[in-house]
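Subject: Structure handover

Hello,

Here is the structure for you to look at. My notes on what turned up follow below it.

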Amino acid sequence: AQPRSFHRRISGKFAQNENKVVEQKVVLAMVGLPARGKSYISKAIVRYLNFCGCPTRLFNAGNLRRESGKSGVDANFFDQKNADAKRLRDEMAMECLDQVLDFLEACGRATAVGILDATNTTLDRRRKVKEKVCGRQGIRLIFLESLCDDEEILQNNYELKLGNEDYKGMNAD
């Protein structure tokens, strides 16, 4: 007798009940201030949905910025009054969103989720994300906001951020 084996499959179709099958593409756009848990939540969602067989991928705007050589920029880069930096941040976020949309298109007819992990805290940014996503046929958009005002958690998150390339060689104070 052959031992029974388990082969995980990615079907692209997930039964909600015996009468309905879902084939859906979703952009999950995270919203929140830095160090509020957006990436933590995003990674948990990616792990769970991939475990369930739903192709899911995370696209982090901060990682894209660092990969493009903009790591270790000073605080002026994130100042809302700095128009040139704001334009550059928005361009990088839209480039990241383009990567999300390309991933979803590459998934064919399969149900898939692409997560845009960026602050997306301004109404203008969320409007741009909405316009770009809603301009694509068959793709849904969900904004998920992560709020955290617990000082202990925030302090821990700030300390964790000190380990990334943005803060290399900087004093923690």
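A word on terms before the results: a residue is called buried under 20% relative accessible area, exposed over 50%, and partly exposed in between, with a 1.4 Å probe and protein chains only. This is a predicted model, so local features need pLDDT of at least 70 and side-chain atom pairs pLDDT 80 or more, while totals for chains, interfaces and linings use all residues. Numbering starts from 1 along each chain as its sequence is written, and side-chain values use heavy atoms, without hydrogens and water.

Overall picture. The chain has five helices and six strands. These are DSSP runs numbered from the N terminus: helices are H or I with at least four residues, strands E with at least two. Their order is β-β-β-α-β-α-α-β-α-β-α. Of the 173 residues, 35% count as buried.

Salt bridges. The count is eleven, taking a side-chain nitrogen of Lys or Arg within 4 Å of a carboxyl oxygen of Asp or Glu. Lys-86 pairs with Asp-124, with the closest N and O atoms 3.7 Å apart. Lys-86 sits in helix α3 and Asp-124 in helix α4 (residues 123-134), so this bridge ties together parts 38 residues apart in sequence. Lys-86 is partly exposed at 21% relative accessibility, and Asp-124 is partly exposed at 27%.

Lys-128 and Asp-90 form another bridge, at 3.4 Å from N to O. It links helix α4, which holds Lys-128, to helix α3, which holds Asp-90. Asp-90 is buried, at 9%. Lys-128 is partly exposed, at 27%.

Within helix α4, Glu-131 and Arg-127 are four residues apart, about one turn of the helix. Their side chains meet in a salt bridge at 3.0 Å, N to O. Arg-127 is partly exposed, at 39%. Salt bridges that share partners join Lys-86, Asp-90, Asp-124, Arg-125, Arg-127, Lys-128 and Glu-131 into one network.

Then there is Arg-36. It lies in the loop between β3 (25-31) and α1 (38-51). Leaving aside neighbours within four places in sequence, Arg-36 is in contact with Ser-146, Cys-148, Leu-154 and Tyr-158, where contact means heavy atoms within 4.5 Å.

Best wishes
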